[in-house]
Amino acid sequence: MSSLQYIEGRPYKVIVAKLGLDGHDRGAKVIARALKDAGFEVVYTGIRQTPEQVARAAIEEDADVIGVSILSGAHVHHVRLLIEKLKELGGEDIPVVVGGTIPIVDVDELKRLGVKEVFLPGESLSKMAEIIRELAAKKRQSEALMG
């Protein structure tokens with residue numbers, strides 16, 4: 001386990017969320033388990049969450065990263081609303097990553113919206129954990145500098 005895992009004496013916390021009407025959560029549960037096994041604290045919000053519910057959960061839980069799993073094809077719409085709600089609620093510093101069946105043509109649009117990383121099918125779980133760990137470390141370091 002990386003020593004960066006425990007800045008401030010607590011593990012990095014990741015919200016794993018399913019936005020919209022997408023009820024397929026096997027992949028989200030696999031990711032949640034892999035992140036737990038990698039030493040993260042994981043809060044899985046469950047299926048059929050609204051962007052507002054996820055944004056509020058991330059802020060209330062003091063999350064370091066939000067991971068959104070989407071298989072429904074509505075990723076751009078839901079992620080746009082999530083990022084807008086995070087800004088509205090003062091959580092714009094929480095990095096958002098997205099995974100699922102995302103068409104390659106939508107990756108740039110998601111990144112323009114503010115998504116830090118897009119994980120496509122077949123991505124290595126260890127690579128995902130490494131990238132999420134780096135994003136969480138940057139967020140914590142930024143917080144430490146700010147206050």
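This is a predicted model: local features need pLDDT of at least 70, side-chain atom pairs count only at pLDDT 80 or more; totals for chains, interfaces and linings use all residues.
**Entry 1: α3 and α4**

On the α3 side I listed H75, V76, V79, R80 and I83. On the α4 side I listed D106, E109, L110 and L113. Sorted by class, this contact has five nonpolar, one polar and three charged residues.

Next I looked up the geometry. Helix α4 covers residues 104-113. The axes of α3 and α4 come within 10 Å and cross at roughly 10 degrees. Angles under 35 degrees count as roughly parallel, so I noted α3 and α4 as roughly parallel to each other.

**Entry 2: α2 and α3**

I then turned to α2, which spans residues 51-60. What is the angle between α2 and α3? I found about 45 degrees, with the two axes 8 Å apart. I therefore wrote down α2 and α3 as oblique to each other. Their crossing is right-handed.

I noted who touches whom. From α2, the contact uses P51, E52, V54, A55, R56 and I59. From α3, it uses H78, L81, L82, K85, L86 and L89. I sorted the residues of this contact of α2 with α3 as eight nonpolar, one polar and three charged.

**Entry 3: α1 and α5**

I read an angle of about 65 degrees and axes 10 Å apart. The range for roughly perpendicular is 65 to 115 degrees, so α1 and α5 go down as roughly perpendicular to each other. α1 passes α5 in a right-handed crossing.

Which residues of α1 meet α5? I found V30, I31, A34 and L35. Their partners in α5 are L125, M128, A129 and I132. I counted classes for the contact of α1 with α5: eight nonpolar, no polar and no charged residues.

**Entry 4: the largest pocket**

I put the volume of the largest pocket at about 340 Å³. Its lining has 22 residues. Nearest its centre lie G27, I31, G99, G100 and M128.

By class, the lining of the largest pocket has 14 nonpolar, seven polar and one charged residues.

**Entry 5: the second largest pocket**

My last stop was the second largest pocket, with about 200 Å³ of space. I found 15 residues lining it. Closest to its centre are E92, I94, P95, G114 and K116. The elements that give two or more residues to this lining are α3 (75-89) and α5.

How do the lining residues of the second largest pocket divide by class? I noted seven nonpolar, two polar and six charged.

How values were computed:
Residues are numbered from 1 along each chain as its sequence is written. Side-chain values use heavy atoms; hydrogens and water are left out. On a 1 Å grid over the protein atoms alone, a cavity is a set of points where a 1.4 Å probe fits but cannot get out, and a pocket is an open set with protein on both sides within 12 Å along at least five of seven lines; lining residues have an atom within 4 Å of a point. Grid points are joined across faces, edges and corners, and a volume is the space filled by probe spheres set on the points. Ala, Val, Leu, Ile, Met, Phe, Trp, Tyr, Cys and Pro count as nonpolar, Asp, Glu, Lys and Arg as charged, and the others, Gly among them, as polar. Helices (H or I, at least four residues) and strands (E, at least two) are DSSP runs, numbered from the N terminus. Axes are lines fitted to C-alpha atoms, for helices over the stretch in contact, and angles run from 0 to 180 degrees between N-to-C directions. Angles under 35 degrees count as roughly parallel, over 145 as roughly antiparallel, 65 to 115 as roughly perpendicular and the rest as oblique. A crossing is left-handed if the near helix is turned anticlockwise from the far one by less than a right angle, and right-handed if clockwise. Contact means heavy atoms within 4.5 Å.
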